[in-house]
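Trainee: Could you walk me through this one before I set anything up? I'd like to go question by question.

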Amino acid sequence: MFSITVRDHLMIAHSFRGEVFGPAQRLHGATFLVDATFRRAELDDDNIVVDIGLATRELGEVVAEMNYRNLDNEPVFADTNTSTEFLAKVVADRLAERVEKGLLGEGARDLAGITVTLHESHIAWASYERAL
């Protein structure tokens with residue numbers, strides 16, 4: 001399996017509901033490194049997985065939809081604990097939609113999957129992997 005990874009960052013504010021979250025139930029900020037890995041079994045006709053420039057641009061646009069926002073105030077996340085794991089899935093699903101629309105190039109339609117990893121810190125991160 002071949003893969004490429006592109007990176008961006010995301011700065012948000014949010015709070016959680018539920019005692020399991022302890023002090024994180026209060027409003028707090030989070031800064032994530034966001035890695036998006038695109039996979040395919042065989043390289044395309046240009047011998048690439050996907051155009052890195054297009055992948056970088058589309059990841060940046062997905063991240064921009066949430067960047068510098070209090071997710072508690074975003075209607076799409078109403079009544080949702082926007083955990084790191086949950087946000088990794090949101091980013092992966094939004095990238096998959098962009099692949100389906102052809103925004104990462106026609107060759108990207110043959111991608112096998114996407115994995116998105118959000119790094120909370122140098123010692124903790126979460127990922128979501130999905131097939132395409």
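Mentor: Let's begin with α2: twelve of its 17 residues are buried, so this helix is largely enclosed by the rest of the structure. Buried here means under 20% relative accessible area, exposed means over 50%, and partly exposed is in between (1.4 Å probe, protein chains only). Keep in mind that this is a predicted model, where local features need pLDDT of at least 70 and side-chain atom pairs count only at pLDDT 80 or more, while totals for chains, interfaces and linings use all residues. Residues are numbered from 1 along each chain as its sequence is written, and side-chain values use heavy atoms, with hydrogens and water left out.

Trainee: What pattern does the protein follow along the sequence?

Mentor: Helices (H or I, at least four residues) and strands (E, at least two) are DSSP runs, numbered from the N terminus. The protein has two helices and five strands. Read in sequence order, they give β-β-α-β-α-β-β.

Trainee: How does the radius of gyration sit against the globule rule for 132 residues?

Mentor: The radius is taken over C-alpha atoms, and the rule is 2.2 Å times the number of residues to the power 0.38. That rule gives 14 Å, and the protein is close to it, so it is as compact as a globular protein of that length, with a radius of gyration of 16 Å.

Trainee: Back to α2, then. What does it reach from its first C-alpha to its last?

Mentor: Helix α2 covers residues 84-100.

Trainee: Which elements do the buried residues of α2 pack against?

Mentor: Those buried residues include Leu87, Val91, Leu95 and Val99, and also charged-type names such as Asp93 and Arg94. Contact means heavy atoms within 4.5 Å. The packing partners are β1 (2-14), β2 (28-40), α1 (52-64), β4 (113-119) and β5 (125-131).

Trainee: Is Thr84 buried or exposed?

Mentor: Thr84 is found in helix α2. Not counting residues up to four places away in sequence, Thr84 touches Phe32, Leu118, Glu120 and Ala126. Its relative accessible area is 6%, so Thr84 is buried.

Trainee: And Glu120, what is the C-alpha separation between Glu120 and Thr84?

Mentor: Glu120 sits in the loop between β4 and β5 and is partly exposed, with a relative accessible area of 45%. Leaving aside neighbours within four places in sequence, its contacts are Thr31, Phe32, Thr84 and Trp125. Glu120 and Thr84 are 36 residues apart along the chain, yet their C-alpha atoms are separated by 7.6 Å.

Trainee: Which loop holds Asn47, with its positive phi?

Mentor: Most residues other than glycine have a negative phi. Asn47 is not a glycine, but its phi is about 65°. Asn47 counts as exposed at 58% relative accessibility, and its place is the loop between β2 and α1.

Trainee: What is the relative accessible area of Tyr68?

Mentor: Tyr68 also has a positive phi, near 60°, without being a glycine. Tyr68 lies in the loop between α1 and β3 (69-70). Tyr68 is exposed, with a relative accessible area of 61%.

Technical notes:
The expected span of a helix is 1.5 Å times one less than its number of residues.
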